[in-house]
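Me: I have a model open and want to learn how to read it. Can we go feature by feature?

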Amino acid sequence: MDYVSALLPPTVMAILFIGVIRVIVKTQGGANKAKEDAAVDAALAKTEGAGTSTRAEV
């Protein structure tokens with residue numbers, strides 16, 4: 001019975017890891033890709049704008 005308790009945690013972690021990878025792969029692209037890309041571009045533009053103004057003040 002020790003072998004079951006030894007193999008259970010790695011097996012559960014492997015199953016959860018595979019599930020996470022499947023969710024990541026399924027959510028890539030699709031109808032929301034343009035909206036997600038626009039949100040990332042807006043966030044990057046905001047941080048770049050804030051970074052340059054902060055440097056100018058110092």
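Me: Where is the place of F17?

Reply: Keep in mind that this is a predicted model. F17 sits in helix α1, which covers residues 2-27. The chain has two helices and zero strands.

Me: Is F17 buried or exposed?

Reply: Read relative accessibility against a cut-off: exposed means over 50%. F17 has 54%, so it counts as exposed.

Me: What about the rest of α1: how many of its 26 residues are buried?

Reply: Buried means under 20% relative accessible area. In α1 the number is zero, so the helix lies largely in the open. For the chain, 0% of the 58 residues count as buried.

Me: Which residues form the nonpolar patch on the surface?

Reply: Start with the general idea. An α-helix has 3.6 residues a turn, so residues three or four places apart point the same way. Here the patch is made of F17, I18, V20, I21, I24 and V25. Together they have about 570 Å² of accessible area. The accessible surface of the chain is about 5300 Å², with 69% from carbon and sulfur atoms.

Me: How do I judge the span of α1?

Reply: Compare the end-to-end reach with the expected value. From first C-alpha to last, α1 reaches 39 Å. That is close to the 38 Å expected at 1.5 Å a residue.

Me: Where does the kink in α1 lie?

Reply: Look at L8, shortly before the proline P9. The kink there is about 30°.

Me: And what follows α1?

Reply: G29 does, and its phi is positive, near 75°.

Definitions and conventions
Residues are numbered from 1 along each chain as its sequence is written. This is a predicted model: local features need pLDDT of at least 70, side-chain atom pairs count only at pLDDT 80 or more; totals for chains, interfaces and linings use all residues. Side-chain values use heavy atoms; hydrogens and water are left out. Helices (H or I, at least four residues) and strands (E, at least two) are DSSP runs, numbered from the N terminus. Buried means under 20% relative accessible area, exposed over 50%, partly exposed in between (1.4 Å probe, protein chains only). Accessible areas come from the Shrake-Rupley method with a 1.4 Å probe; for residues, only the protein chains shown count as cover. Patches are made of residues with over 30% relative accessible area and no salt bridge: like charges are joined within 9 Å, nonpolar side chains (Val, Leu, Ile, Met, Phe, Trp, Tyr) within 5 Å. A salt bridge is a side-chain nitrogen of Lys or Arg within 4 Å of a carboxyl oxygen of Asp or Glu. The expected span of a helix is 1.5 Å times one less than its number of residues. The bend at a residue is the angle between axes fitted to the seven residues ending there and the seven starting there.
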